[in-house]
Amino acid sequence: MNRVKEAVLYCRVSTEKESQDSSLERQESELKEFAKTKGYNVMSVFKDRHSGYDVEREGLMDLLDYIKEQHITALFVQDETRLGRGNGRMAVLHLLNKMEVTIFTLNNAGNIQLNEMDTMLLEILALVEEYQRKLHNAKIRRGMKRAVQNGYRPENNLKDRGNPEGRERIDAPIEQIIQLRNKGLTFEEITSTLNGLGFQLSKATVHRRYKEFEEHNN
């Protein structure tokens, strides 16, 4: 038995004028019919009355959350400009590409057709993000290796020994910060190491907590 194909619709107009209501209604009606011809069941419709240059749109945010939570793989829009304009459009296209969402546009009567420049930019964004991830992981591994070589034992700092990933942590592990700092690690290396152990800290927080410790002990 074939699984029902599920999709969502996104409609947008640029202003909040009541005269634009008919445009939103028309977009929704036409897109529902378009999705039906493509064999998709529309699960939800998201709308915005907002400029496409701004990515902080309530409907868009709800759309992205819904796609992620419900594992939606298809999105129908009137044309690519409904998703956004300028850099905002590329940002939205990049996010949808990461979530492996197929975008259908009524304007193209099928899959979205991007020009050569847009396609190249999306490829570059994906490549840069991949190398950023690799660099971040490399920093974590280097920081951990250096810490262990200097005698740091992360297993001794787990709050819950039954949790192999060590996710249950205090907000600011000052003892670990001091211990790693005394072993010669930079604040950036300390941050990467602790984040690799499950903490969620910024370099600024690590630096601030260490300075607070110094001030209180001088």
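A residue is called buried when its relative accessible area is under 20%, exposed when it is over 50%, and partly exposed in between (1.4 Å probe, protein chains only). The legends below describe a predicted model, in which local features need pLDDT of at least 70 and side-chain atom pairs count only at pLDDT 80 or more, while totals for chains, interfaces and linings use all residues. Residues are numbered from 1 along each chain as its sequence is written, and side-chain values use heavy atoms, with hydrogens and water left out.

**Figure 1. Aspartate 79 in the loop between strand 3 and helix 3.** Aspartate 79 has a relative accessible area of 16% and therefore counts as buried. Its side chain makes a polar contact with the side chain of threonine 81, at 2.2 Å. A polar contact is a pair of N or O atoms within 3.5 Å; within protein, one must be able to donate a hydrogen and the other to accept it, and residues adjacent in sequence count only if both atoms are side-chain atoms. Not counting residues up to four places away in sequence, aspartate 79 also touches Thr105 and Asn107; contact here means heavy atoms within 4.5 Å.

**Figure 2. The protein chain and its elements.** The chain has seven helices and five strands. Helices (H or I, at least four residues) and strands (E, at least two) are DSSP runs, numbered from the N terminus. Read from the N terminus on, the elements follow the order β-α-β-α-β-α-β-β-α-α-α-α. Of the 218 residues in the protein chain, 37% are buried. Among contacts with a separation of 6 or more, 68% join residues 24 or more positions apart.

Figure 3. Two strands are said to pair if DSSP finds at least two bridges between them. Strands of a sheet pair through backbone hydrogen bonds, either parallel or antiparallel.

**Figure 4. Strand 1 and its partners.** Strand 1 pairs in the parallel sense with strand 2 (residues 40-49) over nine bridges. In strand 2, asparagine 41 is the bridge partner of glutamate 6, and aspartate 48 is that of arginine 12. Strand 1 and strand 3 are also paired in the parallel sense, over three bridges; in strand 3, leucine 75 is the bridge partner of valine 8. Seven of the nine residues of strand 1 are buried, so the strand is largely enclosed by the rest of the structure.

Figure 5. Helix 1 (residues 21-37) has 17 residues, which should span 24 Å at 1.5 Å a residue; its end C-alpha atoms are 25 Å apart, which agrees. The expected span is 1.5 Å times one less than the number of residues. The buried residues of helix 1 are Ser23, Leu24, Gln27, Glu28, Leu31, Phe34 and Ala35. They cover an arc of only 135 degrees around the axis, which puts them on the same side of helix 1; the arc is that of the directions from the helix axis to the C-beta atoms. What covers these buried residues includes strand 1, strand 2, strand 3, strand 4 (102-105) and strand 5 (110-111). The face turned away from the buried side carries the exposed residues Glu25, Lys36 and Thr37. After helix 1 comes glycine 39, whose phi is positive, near 80 degrees.

**Figure 6. The nonpolar cores.** A nonpolar core is a set of buried Ala, Val, Leu, Ile, Met, Phe, Trp, Tyr and Cys residues joined through side-chain atoms within 4.5 Å. The largest has 19 residues, and Tyr10, Leu63, Leu75, Leu83 and Leu96 have the most contacts inside it. Two or more residues of this core come from each of strand 1 (5-13), helix 2 (58-70), strand 3 (74-77) and helix 3. A second, separate core of 12 residues includes Cys11, Leu24, Leu31 and Tyr40. In soluble globular proteins, nonpolar side chains tend to be buried together.

**Figure 7. Methionine 90 in helix 3 (residues 86-98).** With a relative accessible area of 9%, methionine 90 is buried. Leaving aside neighbours within four places in sequence, methionine 90 is in contact with Asp118, Leu121 and Leu122. Methionine 90 and threonine 119 are 29 residues apart along the chain, and their C-alpha atoms are separated by 9.8 Å.
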